[in-house]
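Look over the sequence and the structure below before reading on.

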Amino acid sequence: MSKKDKKQKAGEEKPISVKSGDLALYGGVPVRRDMPEQRVVTGEDEIKQVVRVVRSGRLTSLSHGVVEKFEKKFAAWCGAKYAVAVNSGTAALHVALAALDIGPGDEVIVPPYTFIATASAVIQQNAVPVFADIDPATLNISPQAVAAKITPRTKAVVPVHLFGLPADMAAINEVAGKHGIPVIEDACQAHGAAYHGDRAGALGRMACFSFQESKNMAAGEGGMITTNDKQLARQCRIIRHIGMAAKYEYVTLGYNYRMPALSAAVGLAQLKKLKAFNRHRAALAEFYAKKLADLPVTLYPAPEGVTSANHLFPVTFPRELVPDREFMLLLVRALHAENAPVWWVYPAPLNQVQFIREQTAYARQCPFACPLREEPAAYDAHECPAAEDIAGRTLVLPTAPCYPLSVARDTVAALRKVTAYFSG
Ligand SMILES: Cc1ncc(COP(=O)(O)O)c(C=O)c1O
């Protein structure tokens, strides 16, 4: 695309504070020599814990106590009474929904701007995800939108603490509470986030975490459900263990979602470092906020009394700079050519995902057209305008502990270079 074309695309002239250089995409010198790789920061502690498990010859949660130890430490860390370890965040969501007896004919309200697992876990449980739009000031589900989507079929609300920022839990709990509907936090990106004095994991009826390797603390793969409800915790343990209450005593439909002992060993070591990891993320987030303040981009500072876990740092470009998806793709390519580790993580709201919109998750349109519903579910591609608009022009910047400040500095330089080029 010529400079003239790109100017036409960008629309009006924008104020620029830096000189535009030649983009690496068009043959210029990149800001960084290479793309920094994302990896989990591990050390001797993880090695020791894993070796101990391997040496024991007991590798499952059934035979090794390390999983239970991880559960206890994690529950205490969140300020919840109980924690149930599983083998992914998706499994955690599935188990939590199953433990609440959600199933065919039921609806679960979720945000449209999130990772697919928030919605797919609902479909796995044969219920229907209903999308409530986001608040453009926080990118999290809007309590008003939740209120508008509640029907007699609503059996749970699953707010996501997106990119580490807690959702407006007081308002969501109030709206859901009025109807006796349980709230399940999707805290998969929010280990250590806090909301008016309480940590994520203790802000709803249940909460779900992921320990997949990109998360604030990692176990390779893994997940956790936290709750203060003894009965729900017991039910979660049964469901993750193939539906068995005791050996070969099958009391319900369950799954093998048990966390391997090796994952728990890594998780235990990582939990000790979570505070330090999150301090690093907060420092990079603060750096980005300061260095991008004069650019015409939207940032998402935490509201008063709320502490983000800064899982990622979202940046939304103005509509005048990014008029359409094609241009966003160009922008991402230009940033990647500069070797900036940025991601366009959720390019479209989930109500636009084909298998959801066309209701083809399973054969014969189940669970969307279910005899237990008077009318089939219906998704409008434009029912969540805020999410649709923001998804098309929002990128995330890295905060993970493996990225030193120099990577954040280069990422800012690349952003300034690319936005100046396309604005000029
Ligand atoms: C918001 C959210 N929910 C759920 C999940 C699912 O977690 P997992 O990948 O461990 O299944 C993720 C993971 O990326 C996530 O970001």
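In this predicted model, the ligand is surrounded by 16 residues. The closest of them are Gly89, Thr90, Asp186, Ser210 and Lys215. The protein buries 91% of the 390 Å² that the ligand exposes when taken alone.

**The ligand and its surroundings**

- Thr90 places a polar side-chain atom 2.5 Å from an oxygen atom of the ligand.
- For Ser210, a polar side-chain atom lies 2.7 Å from a ligand oxygen atom.
- In the side chain of Lys215, an N or O atom is 2.6 Å from an oxygen atom of the ligand.
- Two helices, H4 (89-99) and H5 (117-124), each supply at least two residues of the shell around the ligand.
- Helix H4 gives the largest share of that shell, with three residues.

**A sheet of three strands**

- Three strands make up an open sheet, and their order is S3-S2-S4.
- The pairing in this sheet is parallel.
- Strand S3 (128-131) and strand S4 (154-157) are at the edges. Each has a single partner strand, so one side of each has no neighbour in the sheet.
- From one strand to the next, the twist averages 35°.
- Strand S2 (residues 107-110) pairs with S3 in the parallel sense, over four bridges.
- Opposite Glu107 stands Val128, which is in S3.

**The cysteines**

- How many disulfides does a search of the whole structure find? The search finds zero.
- A disulfide is a covalent bond between the sulfur atoms of two cysteines. To count as one here, the two sulfur atoms must be within 2.5 Å.
- Cys370 is in no disulfide either, and its nearest cysteine sulfur, that of Cys366, is 6.5 Å away.
- Is Cys188 buried or exposed? Cys188 is buried, and its relative accessible area is 10%.
- Cys370 is also buried, with a relative accessible area of 12%.

How values were computed:
Residues are numbered from 1 along each chain as its sequence is written. This is a predicted model: local features need pLDDT of at least 70, side-chain atom pairs count only at pLDDT 80 or more; totals for chains, interfaces and linings use all residues. Side-chain values use heavy atoms; hydrogens and water are left out. Buried means under 20% relative accessible area, exposed over 50%, partly exposed in between (1.4 Å probe, protein chains only). Two strands pair if DSSP finds at least two bridges between them. Axes are lines fitted to C-alpha atoms, for helices over the stretch in contact, and angles run from 0 to 180 degrees between N-to-C directions. A residue is near a molecule or strand if one of its heavy atoms lies within 4 Å of it. A polar contact is a pair of N or O atoms within 3.5 Å; within protein, one must be able to donate a hydrogen and the other to accept it, and residues adjacent in sequence count only if both atoms are side-chain atoms. Accessible areas come from the Shrake-Rupley method with a 1.4 Å probe; for residues, only the protein chains shown count as cover.
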